[in-house]
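Thanks for coming, everyone. Please take a moment with the sequence and the fold before I start.

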Amino acid sequence: PPEFPRSAQRRNLSGAVDLEFTVDTNGKVTDVLVVSSRPGETFNQAAMDAVSQWRFQPYVQNGRAVEKRTAVRLSFDLN
């Protein structure tokens, strides 16, 4: 899970970050891109850091592992 930024925690902020990324043929995350975020860029780095550590089963097409672009929303809420 993403680490909640301390500066946001002190201000009692909540938010979300929409990310796109590629899962490569080894299941690693590459090419992480912030599509949108609120509020501002407060949670962007924490979201990108978390997603970059994720691992997946590679997407298989016609019996071969292929790169696959996908998206996710990470929510940051103190409650």
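I'll go through the core, the rings, the charged pairs and then the backbone. One caution first: this is a predicted model.

Let's start inside. Nonpolar side chains in soluble globular proteins tend to be buried together. Here the largest nonpolar core has 13 residues. Which elements give two or more residues to this core? They are strand E1, residues 15–23, helix H2, residues 44–53, and strand E5, residues 68–76. E1 provides the largest share, four residues. Among the residues with the most contacts inside the core are Val 17, Leu 19, Phe 43, Ala 47 and Phe 76. Val 51 and Leu 74 are also in that group.

Stay with Phe 76. Setting aside residues up to four places away in sequence, Phe 76 touches Pro 2, Glu 3, Phe 4 and Pro 5, among others. Its contacts also include Ser 14, Gly 15 and Val 17. Phe 43, Ala 46 and Ala 47 are on the list too.

That brings us to the rings. How many aromatic pairs are there? The count is six. Take Phe 4 and Phe 43. Their rings are edge-to-face, 5.4 Å centre to centre, with 70° between the planes.

Phe 76 is buried, like Phe 43.

One more ring. Lys 68 has its charged end over the ring of Tyr 59, 4.7 Å from the ring centre.

For contrast, look at Arg 10 in helix H1. Its relative accessibility is 68%, so Arg 10 counts as exposed. From Arg 10 to Phe 76 it is 66 residues in sequence, and 13 Å in space between C-alpha atoms.

Next, charges. Side chains of opposite charge can pair when their charged atoms come close. How many salt bridges does a search of the whole structure find? Two. One joins the side chains of Asp 18 and Arg 73, at 2.7 Å from N to O. Asp 18 is in strand E1 and Arg 73 in strand E5, 55 residues apart. Asp 18 has 17% relative accessibility and so counts as buried. Arg 73 is exposed, at 51%.

The other joins Glu 20 and Arg 69, at 3.8 Å from N to O. Glu 20 is in E1 and Arg 69 is in E5, so this bridge ties together parts 49 residues apart in sequence. Both ends are partly exposed: Glu 20 at 31%, Arg 69 at 37%.

Thr 22 is in strand E1 and is buried, with a relative accessible area of 7%. Beyond its neighbours within four places in sequence, Thr 22 contacts Lys 28, Val 29, Thr 30, Asp 31, Glu 67, Lys 68 and Arg 69.

Last, the backbone. Most residues other than glycine have a negative phi, and most peptide bonds are trans. Where are the exceptions here? Asp 31 has a positive phi, near 50°. Asp 31 lies in strand E2 and is exposed, at 55%. Asn 62 also has a positive phi, near 55°. Asn 62 is in the loop between strand E3, residues 59–61, and strand E4, residues 64–66. Asn 62 is exposed, at 78%. Then there is a cis peptide bond between Arg 38 and Pro 39, with omega about -5°. Pro 39 sits in the loop between E2 and H2.

Terms used. Residues numbered from 1 in each chain as written. Predicted model: local features only at pLDDT ≥ 70, side-chain atom pairs only at ≥ 80, totals over all residues. Heavy atoms only, no water. Core = buried A, V, L, I, M, F, W, Y, C linked by side-chain atoms within 4.5 Å. Buried < 20%, exposed > 50% of the residue type's maximum accessible area, 1.4 Å probe, protein only. Contact = heavy atoms within 4.5 Å. Phe/Tyr/Trp six-rings, centres within 6.5 Å; stacked < 30°, edge-to-face > 60°. Lys NZ or Arg CZ within 6 Å of the ring centre and 35° of its normal. Salt bridge = Lys/Arg side-chain N within 4 Å of Asp/Glu carboxyl O.
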